[in-house]
Amino acid sequence: MGISRQTQTVLTARRPNSAQFSAPTFWELFTPKLVTVLREGYGWSQFRSDAVAGLTVAIVALPLSMAIAIASGVSPERGLFTAIVGGFLISALGGSRFQIGGPAGAFIVLVAATVHSHGLEGLLLATMLSGFFMLTAGYMRLGTYIKFIPYPVTIGFTAGIAVIIFASQIKELFGLRLSGAEPGELLAKLATLTAAAPTFNSSALAVAILTIGTILALKRLRPRWPGMLLAVAAAALVAAVFSLPVDTIGTRFGGIPRGLPLPSFPAMSNELLLAVLPNAVAFALLGSIESLLSAVVADGMTGRRHRSNCELVAQGLANIASALFGGICATGTIARTATNVRAGAHGPISGMLHALFLLGFMLIAAPLASYIPLSALAGLLTVVAWNMIETQSVAALIRSSRGDALVLLVTFLLVVFRDLTEGIVVGFALGAVLFIDRMSKTIAVEAHTPPSLDDTADEANGGREAYRAEAASDPDTVVYRISGAFFFAAATTVGAILDRIADQRRNFILDCSAVSFLDSTAASVIEGAVHKAGRAKVRFFITGASTQARRMLFAHNVRPPRVRYKATIEGALRQIEKEDKPGGA
């Protein structure tokens, strides 16, 4: 239907100048949010808000970064290197005001598998390569397409990661001693841990329960307090005072250094480069998804909008720098980003300060980290894993449809029992098939009778047309309307209908005013109907076709004189009436 003149006047009056609708320039797309915030005006009050938020997030990130690093199979300081170097660059160069970067629980499985297969140097090389991949993806503007990952895939993927994280912490939770290396596969891991049950350490379990209980109690009673840090500190104090026989960062790793190392390139060879390439691709894919999802969460909490491609560029540079300083994969972290927003952050400076605060903690309090029990960090990660499982979202998806439940379940099972990347790819493919099936069912082809016009005045300027009985009951004219998205999945159904009716009357009107999208397969189907109508000497009209639809139809030779285009069904009927009059054109 056309837009009324009154509506057009309103739209014209409200329309900004054309320059505002022009495509953004390269610099506009890739300008860091830090620059935007400084241009808006930045004073002492904003800095104070950012400093408080940065300190709050640093307190949360301190134990969490070490716990993630240990669970990933590397020493705890590498998690801090990642949070300091990667976190600073993600905030300074990124496209989100509130993003907090650092090591993420979602990477634990991939990082641990890479360390097991290729050693620490292989991990650093894979991290650096993933940075280059994300950098390239950002400059190619691929960040826009990350949003097409279906919601059931992200929920199933996150839940699968949570199960794997918890399984990886069972050994430390119960203080088990293994005779060999801990397997990576879940079933083999559980079998090995079950066999080591006689080595159970009750002190380790008690420390873990103390940590979990403290975190949950503080979250309920004092939600603004840094529950994770206080819980880990309390566990370390109890273990030290009572001389509990539990492993600590000091006994396992010898403590953490007091500062950052000098940057250096990881070992590199053609063989190692090819060997870690699949790991680097997995790091880049997971890092892109995790960081952009985190930015979307921040947008939802603040009403702001991030620049996805600028964010990918920052993530790429952060991972390259993290590898140079001996860190692991860095990405945007949802929990820490949400904490940053709730703490009153104003802009990216809070994330930069969070990294500097972490560096200050390393310089001042590094010796105290030696007393932290590993079972306390395992308890902390257990809480993190539980929070990652969005039970309400899982329940809603299961109730909503069997298709969404299937995508969720398949993604979850593949992540847990097979591979993270495989889970994402297969889940995405299933989600796409489900979408295609649903869209194909929205297409409708029906005989169309023009709707009755609103009652208007009888004067000529009222726009009223005289009743034409011959147009309403003409046996030689058939009108059909297609509504919905007309694409390859619906082509067979629509094609069968058009084939039955395209040569049965002298005049065939196909109304496409309700077609939201038309692809090349659909255009080919219409071309076949036009060809069949032409052989039967049937006049073929297409009405209401959008510019996109016409362009596609023209490309498939659905053009005059084989077919006539009209804006409305009424216009096509008038043309038929005019041509059928004696001496008509």
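Trainee: Why is Lys537 called exposed?

Mentor: In this predicted model, Lys537 has a relative accessibility of 73%, and because exposed means over 50%, the label applies. Lys537 sits in the loop between α22 (520-535) and β6 (539-543), and its phi is positive, about 60°, although it is not a glycine.

Trainee: What makes Arg141 partly exposed rather than exposed or buried?

Mentor: Its relative accessible area is 36%, and since buried means under 20% and exposed over 50%, Arg141 falls in between and counts as partly exposed. Arg141 is placed in the loop between α6 (108-139) and α7 (151-173), and it too is a residue other than glycine with a positive phi, near 65°.

Trainee: How do you know that α5 and α15 are roughly antiparallel?

Mentor: The axes of helix α5 (residues 76-93) and helix α15 (residues 349-365) cross at roughly 160° and come within 7 Å. Angles over 145 degrees count as roughly antiparallel, and therefore α5 and α15 are given that description; their crossing is left-handed.

Trainee: Why is the contact between Glu40 and Arg97 called a salt bridge?

Mentor: The closest N and O atoms of Glu40 and Arg97 are 2.4 Å apart, and because a salt bridge requires a side-chain nitrogen of Lys or Arg within 4 Å of a carboxyl oxygen of Asp or Glu, the pair qualifies. Glu40 lies in helix α3 (residues 33-40) and Arg97 in the loop between α5 and β1 (101-102), so the pair ties together parts that are 57 residues apart in sequence.

Trainee: Are Glu40 and Arg97 buried, partly exposed or exposed, and how do you know?

Mentor: Arg97 has 5% relative accessibility and so counts as buried, the limit being under 20%, whereas Glu40, with a relative accessible area of 46%, is partly exposed.

Trainee: What makes Asp476 and Arg506 a salt bridge as well?

Mentor: Their closest N and O atoms are 3.7 Å apart, which is within the 4 Å cut-off, and so the pair is given that name. Asp476 lies in the loop between α20 (469-472) and β4 (477-486) and Arg506 in the loop between α21 (488-501) and β5 (507-518), so parts that are 30 residues apart in sequence are tied together.

Notes: Residues numbered from 1 in each chain as written. Predicted model: local features only at pLDDT ≥ 70, side-chain atom pairs only at ≥ 80, totals over all residues. Heavy atoms only, no water. Axes fitted to C-alpha atoms, helices over the stretch in contact; angles between N-to-C directions. Helix = DSSP H or I, 4+ residues; strand = E, 2+ residues; numbered from the N terminus. Parallel < 35°, antiparallel > 145°, perpendicular 65-115°, else oblique. Left-handed = near helix turned anticlockwise from the far one by under 90°. Buried < 20%, exposed > 50% of the residue type's maximum accessible area, 1.4 Å probe, protein only.
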